[in-house]
Amino acid sequence: MEERIRLRLDVAYDGTGFSGWAAQPERRTVAGVLTATLDLVLGAGTATGLTVAGRTDAGVHAAGQVCHLDLPAEVWAAHRGALLRRLARLLPPDVRVRALTEAPADFDARFSATFRRYEYRVTDAPWGAEPLRRHEVLAWPRPLDLAALNAAAAGLVGEHDFAAYCRRKENATTLREVTRLDWRRDPDGLLVATVQADAFCQAMVRSLVGAMLAVGEGRKPADWPAGLLTRRERSSEVTVAPAHGLTLVAVGYPDDPAEYARRADLTRRLRVPTAS
């Protein structure tokens, strides 16, 4: 049997020109561009099993995305010294592979992950977003109160059923543990929400941000976002914040590589229930 090597790829991209991560026919996606470039460098179909930590939606950015793939050991031996620079020359400027490292065979970029961390950037400056940052910052037309935003965020931390904030998928759980959710105002005036959880449902982060912004501008009370957690269906009251303000900044994994397989098994049992 052919020996294969598992590689971890650390990837960053500007999501503006992409229809999300996942490959789609006749649409430009991060996975599609990355696969096509790997095929060009290594030969069609040489790299297999491309798996990502988090499938970002159209327009969402990443500074700390992680994925894995498998290569024949002899191909990796032939290309390892130059592959990163060759990808840098051939990939379009809105996506970068920042690191290529060998990983244990049981490393799974998706299921071995212990957390995903996102940041959402908003400006409430009366003139809007700075032109050089308009693709990563949401311009909000009304003043936002930092204390109110953090009061709203506090009620959403912990393990909850986030059905009110998720686009439900058949046979998939909406139970998630949010381990961090807070806002800060940077010296340049930008408001930045940091959201960290073991995993996220589709559109969950942007829905949480949309609910908190309603509190921040004074339209809703601080306990309103947490009050929606009692619902078992997506809430029509929640406005999903635009994609371009959101960036995946980090994905965490066990410190001990020996824990990769155990973590992956645990995540699969929690996130992919058997259909009845």
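Biologist: Where does Y118 sit, in terms of secondary structure?
Modeller: Y118 lies in strand β5, which runs over residues 115-123. Strands here are DSSP runs of E with at least two residues, helices are runs of H or I with at least four, and both are numbered from the N terminus. This is a predicted model, in which local features need pLDDT of at least 70 and side-chain atom pairs count only at pLDDT 80 or more, while totals for chains, interfaces and linings use all residues. Residues are numbered from 1 along each chain as its sequence is written, and side-chain values use heavy atoms, with hydrogens and water left out.

Biologist: Why is Y118 called buried?
Modeller: Its relative accessibility is 10%. Buried means under 20% relative accessible area, exposed means over 50%, and partly exposed is in between (1.4 Å probe, protein chains only). Y118 therefore counts as buried.

Biologist: Which residues does Y118 touch, beyond those up to four places away in sequence?
Modeller: Among them are T56, A193, F200, V205 and T247. A contact is a pair of heavy atoms within 4.5 Å.

Biologist: What does UniProt list for Y118?
Modeller: The unreviewed entry lists Y118 under "binding site". UniProt positions follow the numbering used here, feature names are shortened, and annotations may be inferred rather than shown by experiment.

Biologist: Where is T247, and is T247 buried or exposed?
Modeller: T247 is in strand β10, residues 246-252. Its relative accessible area is 7%, so T247 is buried. Outside its sequence neighbours up to four places away, T247 touches residues including H61, R117, Y118 and R121.

Biologist: Which residue carries the "active site" annotation?
Modeller: In the unreviewed UniProt entry, that annotation covers D57. D57 belongs to the loop between β2 and β3 (61-72). Not counting residues up to four places away, D57 touches G20, Q202, A203 and R206.

Biologist: What makes the backbone of A203 worth a look?
Modeller: A203 is not a glycine, yet its phi is positive, at about 70°. A203 sits in the loop between β9 and α5. At 7% relative accessibility, A203 counts as buried.

Biologist: What about E26, and is E26 buried or exposed?
Modeller: E26 also has a positive phi, near 60°, in a residue other than glycine. Its place is the loop between β1 (4-13) and α1 (30-42). At 86% relative accessible area, E26 is exposed.

Biologist: How do you know that the length of helix α5 agrees with its residue count?
Modeller: The expected span is 1.5 Å times one less than the number of residues. For the 13 residues of α5 (204-216), that should be 18 Å, and the end C-alpha atoms are 18 Å apart, so the two agree. Just after α5, G218 takes a positive phi of about 90°.

Biologist: Why is α5 called largely enclosed?
Modeller: Of its 13 residues, 13 are buried, so the rest of the structure largely encloses α5.

Biologist: What makes a set of residues a nonpolar core?
Modeller: The members are buried Ala, Val, Leu, Ile, Met, Phe, Trp, Tyr and Cys residues, joined through side-chain atoms within 4.5 Å. The largest such core has 80 residues, and L9, V122, Y165, W183, M212, L213 and Y253 touch the most other members. Helix α5 gives the most to this core, with nine residues. Leaving aside neighbours within four places, M212 is in contact with L149, A152, A153, L156, L181 and W183.

Biologist: What is the volume of the largest pocket?
Modeller: About 1000 Å³. On a 1 Å grid over the protein atoms alone, a pocket is an open set of points where a 1.4 Å probe fits, with protein on both sides within 12 Å along at least five of seven lines; lining residues have an atom within 4 Å of a point. Points are joined across faces, edges and corners, and the volume is the space filled by probe spheres set on them.

Biologist: Which residues line this pocket?
Modeller: There are 40, and G54, R55, K169, F200 and Q202 are the closest to its centre. β2 (48-52), β5, α5 and α7 (260-271) each supply at least two lining residues.
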